[in-house]
Amino acid sequence: MRESPNILTGYTVASITYGMKQFYLFLLCILSLPIFSQAYEGNPCALYQNPTLKKQIEAGFIPSIRFNGMEVYSNLQSWATSSLKPDTKKPTPNKGEEDFEYKERVDAWTCMYTPFALTDYDTKTAWVEGVKDDGIGETVFARLDSTKPVLIWAGYGKSQGLFEANGRPKKVKVTVWAGKKGEDPGAQWESFDASNIKAIASHEIELADKNNYQPLPLPKHSLKADDTFTLVSVTILSVYKGKKYPDTAISEIKNKD
């Protein structure tokens, strides 16, 4: 494309050039601000007992479930029938720490043992059931591709000492759920609603008592054309008892790489 003739006066050109310089200086200042100063928009976890989910599991049908990528930690707090409340002291602000940084640390603390820890690819964190005794009958969900192999790290994998101190699932009921994923609004972080989620197959298996990944065999099942969202739930039926705590933990459930 040929350059268009400049029909503006020198004064007008100079004014526009000066204006553009000011605009670029302003833009540079904006881009120089801390990138994450407005990025964190999460919420604390507060749902440690979830009787509604327990009833839905018994019925084999979940009307809808929300995945909100912008809420970071708390977006999965409802994906278990119970979760252990934080058992450490609430974090205190650090010197020079921004408010949003402190809020994020506190929110992470409130979500310490929720299902977020089950799928964060960190075996040093764990979902821990939140009822008395060993958590028999408690269920946790993970968003997985049910057509691919699945692995589980049963127990608290942070250390061998914590693994032995806490309970580990022994016999479990594994259920595959399928539903329809709603449209992603195209936000910076993935967010969507899934609906009409039904239990389509389940079986019972026994897990090995080892502080490492092991296969989590899924029941045989087939998906329909409109099944665009799958979940896998694990229900605790029996446990390897912990030496110190009556809590049962699962560090990770994920698709095999």
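**Close-up 1. The disulfide between C45 and C111 in the predicted model.** The torsion about the S-S bond of C45 and C111 is about 100°, so this disulfide is right-handed. The model is a predicted one, in which local features need pLDDT of at least 70 and side-chain atom pairs count only at pLDDT 80 or more, while totals for chains, interfaces and linings use all residues. Residues are numbered from 1 along each chain as its sequence is written, and side-chain values use heavy atoms, with hydrogens and water left out. The structure holds one disulfide, a term that stands here for a pair of cysteine sulfur atoms within 2.5 Å; in the bond between C45 and C111 the S to S distance is 2.0 Å. C45 lies in the loop between α1 (10-31) and α2 (51-59), and C111 lies in the loop between α3 (99-110) and β2, so the pair ties together parts that are 66 residues apart in sequence. Helices (H or I, at least four residues) and strands (E, at least two) are DSSP runs, numbered from the N terminus. Both cysteines, C45 and C111, are buried, where buried means under 20% relative accessible area, exposed means over 50%, and partly exposed is in between (1.4 Å probe, protein chains only).

**Close-up 2. Helix α3 and its buried residues.** With 12 residues, α3 reaches 17 Å from its first C-alpha to its last, close to the 16 Å expected at 1.5 Å a residue, the expected span being 1.5 Å times one less than the number of residues. V106, D107, W109 and T110 are buried in α3. Seen down the axis of α3, its buried residues fall within an arc of 155°, so they line one face of the helix; the arc is that of the directions from the helix axis to the C-beta atoms.

**Close-up 3. The aromatic pair of Y73 and F116.** The structure holds six aromatic pairs, counted for rings of Phe, Tyr and Trp (its six-membered ring) whose centres lie within 6.5 Å, with planes under 30 degrees apart taken as stacked, over 60 as edge-to-face and the rest as tilted. The rings of Y73 and F116 have their centres 5.0 Å apart and their planes at 80°, so the pair is edge-to-face. Y73 lies in the loop between β1 (61-68) and α3, whereas F116 lies in the loop between α3 and β2, so the pair ties together parts that are 43 residues apart in sequence. Y73 is buried, with a relative accessible area of 16%, whereas F116 is partly exposed, with a relative accessible area of 24%.

Close-up 4. Two strands pair if DSSP finds at least two bridges between them. Five bridges join β3 to β9 (residues 229-236), and these two strands run antiparallel; V140 has V234 as its bridge partner in β9. Four of the five residues of β3 (residues 139-143) are buried, so β3 too is largely enclosed by the rest of the structure. Eight bridges join β6 (residues 171-181) to β9, again with the strands running antiparallel, and T175 has S233 as its bridge partner in β9. I136, in the loop between β2 and β3, is partly exposed, with a relative accessible area of 48%; I136 and I236 are 100 residues apart in sequence but 5.2 Å apart in space, C-alpha to C-alpha.

Close-up 5. Ring pairs link F67, W79, F192 and F229 into a cluster. The charged end of R143 sits over the ring of F67, 5.4 Å from its centre, a placement that requires NZ of Lys or CZ of Arg within 6 Å of the ring centre and within 35 degrees of the ring normal. In a further contact of this kind, the charged end of R168 sits over the ring of F163, 4.9 Å from its centre.
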